[in-house]
Amino acid sequence: LNPFNLVLDINLKKIDLKKLFNNSILFEFIKSGKLFHDNLNVVISLQSPNISNNKILDSLKMNLNAINGEINFNKSYILSNKIGLLESQNNQLILDKDNLIFNGNFNLDIKNSNYFFSFFQTPKEYRKPIKNISFNLSFNFLENTLNVNNFKIDNKKPSDELVNVLNNFNLNDDQQIGNLIIFKKFVNNIFSTYDG
């Protein structure tokens with residue numbers, strides 16, 4: 001048991017994301033710091049070809065790697081057959097005193113930009129063909145705050161206007177990130193500044 005190694009592959013016919021992410025036991029266990037142990041090596045892969053109770057998302061693969069005191073979710077992804085593939089690339093979960101912070105880079109390969117804009121109810125004047133969005137997220141679980149950085153559309157440097165939209169969002173004390181209407185408004189503010 002010293003060191004302790006665990007490799008676990010979980011394949012589910014279907015999965016409910018609300019039940020997965022609202023499971024406080026999982027987050028309480030991570031916040032306890034027990035996974036951040038130097039002599040612990042845990043590699044868990046959870047995948048399902050069917051996300052239930054969701055009209056947009058179709059399948060997922062989530063990798064939890066806790067190796068020598070470091071935790072990441074590298075090479076995890078969520079697939080929407082209508083929109084595209086969102087992949088988590090370089091990321092890390094950090095326990096700093098009482099703060100649990102996720103920091104990661106994401107890449108969204110867009111299969112159908114028309115459906116993407118339709119989902120976000122983006123006004124037609126802001127709809128320009130796009131293939132890829134990359135960005136960095138930093139989320140503090142204790143403070144329930146989110147920062148979005150290094151946002152690029154089709155690998156183009158963001159305009160000053162776009163940087164201002166992101167800065168205003170990051171500095172907002174009342175982000176309400178769980179509210180889908182407010183999230184859609186935030187996304188449309190981004191595309192209102194994109195000149196293609």
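These legends walk through several close-up views of one predicted protein model.

Because the model is predicted, local features need pLDDT of at least 70 and side-chain atom pairs count only at pLDDT 80 or more, while totals for chains, interfaces and linings use all residues. Residues are numbered from 1 along each chain as its sequence is written, and side-chain values use heavy atoms, with hydrogens and water left out.

**View 1. The whole chain, to get your bearings.**
The protein chain has five helices and 11 strands; helices (H or I, at least four residues) and strands (E, at least two) are DSSP runs, numbered from the N terminus. Along the principal axes, its C-alpha atoms fill a box of roughly 60 × 40 × 30 Å. Buried residues make up 37% of the 196, where buried means under 20% relative accessible area, exposed over 50% and partly exposed in between (1.4 Å probe, protein chains only).

**View 2. Helix α3 and its buried face.**
Helix α3 spans residues 113-120, and its buried residues are S113, F116, F117 and F120. Seen down the helix axis, these residues fall within an arc of 90°, so they line one face of α3; the arc is that of the directions from the helix axis to the C-beta atoms. Their cover includes β9 (99-110), β10 (132-140) and α5. Look also at the start of α3, where a side-chain oxygen of N112 comes within 3.0 Å of the backbone nitrogen of N114.

**View 3. F116 in the largest nonpolar core.**
In soluble globular proteins, nonpolar side chains tend to be buried together. Here the largest nonpolar core holds 38 residues, and those touching the most other members are L93, F116, I130, I133, V148, F151 and F191. A nonpolar core is a set of buried Ala, Val, Leu, Ile, Met, Phe, Trp, Tyr and Cys residues joined through side-chain atoms within 4.5 Å. The largest share of this core, five residues, comes from β9. Leaving aside residues up to four places away in sequence, F116 touches I83, L108, I110, I130, I133 and F191, a contact being heavy atoms within 4.5 Å. Elsewhere, a second, separate core of six residues includes I15, L46, I51 and L60.

**View 4. S192 in helix α5.**
S192 is found in helix α5, which covers residues 180-192. With a relative accessibility of 32%, S192 counts as partly exposed. A polar atom of the S192 side chain lies 2.7 Å from the backbone oxygen of N189. The C-alpha atoms of S192 and L162 are 8.6 Å apart in space, although the two residues are 30 apart in sequence.

Q121 follows α3 and sits in the loop between α3 and β10. Its phi is near 55°, a positive value in a residue other than glycine, and Q121 is exposed, with a relative accessible area of 59%. D154 is not a glycine either, yet it has a positive phi of about 50°. You will find D154 in the loop between β11 and α4, partly exposed at a relative accessible area of 27%.

Terms used
A polar contact is a pair of N or O atoms within 3.5 Å; within protein, one must be able to donate a hydrogen and the other to accept it, and residues adjacent in sequence count only if both atoms are side-chain atoms.
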